[in-house]
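Here's a quick tour of a ligand site and a metal site. Have a look at the structure first, then read on.

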Amino acid sequence: MLELPRIIAHRGASGSAPENTIAAFRAAAAAGAKFVEFDSSLTSDARPVVFHDDVLDRTTDGTGLLAETPFETLTHLDAGSWFNATFAGEMVPTLDEVLETLADLGLGFNMEIKPDRGREEETARISLAAVADIWPKDAVAPLISSFSRTSVAVAKDVAPDQARSFLFDRRPEDWREIGESLGLFGFGANHTHLDERQVAEIKQAGYRLTAYTVNTLERASLLFGWGVDAIFTDHPALMIKSFP
Ligand code: G3P
Ligand code: MG
């Protein structure tokens with residue numbers, strides 16, 4: 001069974017380096033993180049890349065929808081300068097590059113499958129195939145997650161032994177049914193909508209609970225006190241100091 005550390009670096013150490021870049025994953029390792037979260041999405045020509053938004057505009061010098069952009073175009077984009085000029089030249093990494101880097105760094109990972117509308121199944125299949133090809137069998141086992149029920153169902157189908165979590169903003173009414181039908185390891189919740197009773201119910205039902213995105217020590221302390229197992233944070237160095 002997967003041993004999840006309490007602190008997961010959200011999109012890498014995204015408070016100190018541009019999110020979802022190789023620099024952010026190296027920064028997470030330097031901060032002492034054991035686990036990172038990243039988002040796996042597809043280009044228009046179905047290449048899996050590590051990228052969060054629907055559009056390129058916020059975190060690169062490109063523009064438009066990632067899902068309408070071929071991979072070749074991404075190879076000309078700068079994904080670092082928006083964060084800080086010292087990261088100029090940082091690229092949108094391929095999923096393969098990220099997995100190879102994490103294996104080299106000895107980091108575990110939570111891959112969030114982040115499909116655009118209509119490619120829930122394809123994004124999951126392609127992302128999981130890369131994990132199967134690249135992730136060393138003797139490395140720490142990953143956690144696979146998604147807000148898409150379809151994507152998590154594909155994970156259950158093609159990688160049944162890997163731990164799965166279902167992400168939500170507000171806990172859905174039918175969370176117990178979702179947990180059972182997807183054979184979940186856990187749930188990932190938006191911490192701002194969580195309360196102590198919801199945490200207790202999810203824990204009593206036998207699931208792990210992760211919470212995103214927690215960037216203050218006070219909030220982390222409260223959530224751990226309620227029974228949350230792990231938090232996603234942009235500031236792993238800060239959190240690990242208090243919650244090693
Ligand atoms: O997986 C937890 C968290 O990453 C979910 O939200 O928008 O940061 O991908 P988001
Ligand atoms: Mg994510």
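This is a predicted model: local features need pLDDT of at least 70, side-chain atom pairs count only at pLDDT 80 or more; totals for chains, interfaces and linings use all residues.

Residues are numbered from 1 along each chain as its sequence is written, chains are lettered from A and ligands numbered from 1 in the order in which they are written, and side-chain values use heavy atoms, with hydrogens and water left out.

**The magnesium ion**
- Glu-37 (OE), Asp-39 (OD) and Glu-112 (OE) coordinate the magnesium ion (ligand 2) at 2.0 to 2.2 Å; donors are N, O and S atoms within 2.8 Å of the metal (3.2 Å for Na, K and Ca), and water is not among the atoms, so sites may look incomplete.
- Asp-39 sits in strand S2 (residues 35-42) and Glu-112 in strand S4 (residues 108-113), so this pair, 73 residues apart, links distant parts of the chain; strands are DSSP runs (E, at least two residues), numbered from the N terminus.

**Ligand 1**
- Residues around ligand 1 include His-10, Arg-11, Phe-147 and Tyr-212, where being near takes a heavy atom within 4 Å.
- A polar side-chain atom of His-52 is 2.7 Å from a ligand 1 oxygen, and one of Lys-114 is also 2.7 Å from a ligand 1 oxygen.

Terms used: A polar contact is a pair of N or O atoms within 3.5 Å; within protein, one must be able to donate a hydrogen and the other to accept it, and residues adjacent in sequence count only if both atoms are side-chain atoms. Helices (H or I, at least four residues) and strands (E, at least two) are DSSP runs, numbered from the N terminus.
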